[in-house]
Amino acid sequence: MATKLGSLLIELGLDSAKFRSGTRKAQREMSTFQRGMSGSANLVKGALAGMVAALSVDMFATAIKNGLEYASSLGEVAQQLGVTTDTLQEYRYAATQVGLTQDEMDNSLAKLTRTIGQAANGGKAQAAAFDRLGVSIRDAGGNIKDAGTLIPEIADGLKTLGSDAQRAATLTELFGRAGQKLAPLLSGGSTEVNNLRD
């Protein structure tokens, strides 16, 4: 019986030593695994940061390119319409506030510029339209005013016309088909036009 008890104690002792050894081995393997996972996580974080940085740079470059293209386009359109880029942007904004599209405003400015040119070159009908409004197409130095400068003056001149029909006919004559759509923009006179531009 004593030998059985001694052998049981030796076996238990060995088993507990094996257990402790196995536990330490499992802890070491777990630490190695965690370090590997931590390294992988850092690697993934680094890769994600690199991707975000690359996308940010690409998006920034695209935004700059689009901005430059818009500015170039704006400059070309303004030159074609005979106004400054600031004036074009101001009138485009003002147009959107009274329900016109930017294209309608651009077309109206283009037509007004042509009408001013025709009046300056002796076009009787065009000159008569400006005369009805009491608007001079020339400044004090004899230079022809641009469309952006004349619009507030036209707005004031429209107030002097007797009827809505006369205003509509004059707007169409000066600005083309979208002329009547400009009535809400111009009805408040130069003060309202300039407030919207500001």
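Mentor: Let us begin with the residues that touch: Gly148, Ile151, Pro152, Ala155 and Asp156 in α5 meet Gly189, Ser190, Val193, Asn194 and Arg197 in α8. Sorted by class, the residues of this contact of α5 with α8 are four nonpolar, four polar and two charged. Please keep in mind throughout that this is a predicted model, and that every value I quote is computed from it.

Two packed helices are described by the angle between their axes and by the distance between those axes. For α5 and helix α8, which covers residues 189-197, the angle is about 140° and the axes lie 6 Å apart. An angle has to be over 145 degrees to count as roughly antiparallel, and α5 and α8 are therefore oblique to each other.

Now stay with α8 and ask which of its residues are buried, a word that here means under 20% relative accessible area. They are Gly189, Ser190, Val193, Leu196 and Arg197. If you look down the axis of α8, these buried residues fall within an arc of 130°, so they line one face of the helix. The buried residues of α8 pack against α5, and also against α2 (85-97) and α7.

Returning to α5, residues 147-158, we find that this helix also packs with helix α3, residues 102-120, at an angle of about 90° and with the axes 10 Å apart. The two helices, α3 and α5, are therefore roughly perpendicular to each other. On the α3 side the contact is made by Met105, Leu109, Leu112, Thr113 and Ile116, and on the α5 side by Ala147, Leu150, Ile151 and Ile154. By class, the residues of the contact of α3 with α5 are eight nonpolar and one polar, with no charged residue.

Glutamate 104 lies in helix α3 and lysine 181 in the loop between α6 (164-175) and α7 (183-186), so the pair ties together parts that are 77 residues apart in sequence. Glutamate 104 is buried, with a relative accessible area of 18%, whereas lysine 181, at 44%, counts as partly exposed.

Serine 108 also lies in helix α3, and its relative accessible area of 0% makes serine 108 buried. Leaving aside neighbours within four places in sequence, serine 108 is in contact with Phe175, Ala178 and Leu182.

Definitions and conventions:
Residues numbered from 1 in each chain as written. Predicted model: local features only at pLDDT ≥ 70, side-chain atom pairs only at ≥ 80, totals over all residues. Heavy atoms only, no water. Axes fitted to C-alpha atoms, helices over the stretch in contact; angles between N-to-C directions. Helix = DSSP H or I, 4+ residues; strand = E, 2+ residues; numbered from the N terminus. Parallel < 35°, antiparallel > 145°, perpendicular 65-115°, else oblique. Contact = heavy atoms within 4.5 Å. Nonpolar A, V, L, I, M, F, W, Y, C, P; charged D, E, K, R; others polar. Buried < 20%, exposed > 50% of the residue type's maximum accessible area, 1.4 Å probe, protein only. Arc of directions from axis to C-beta.
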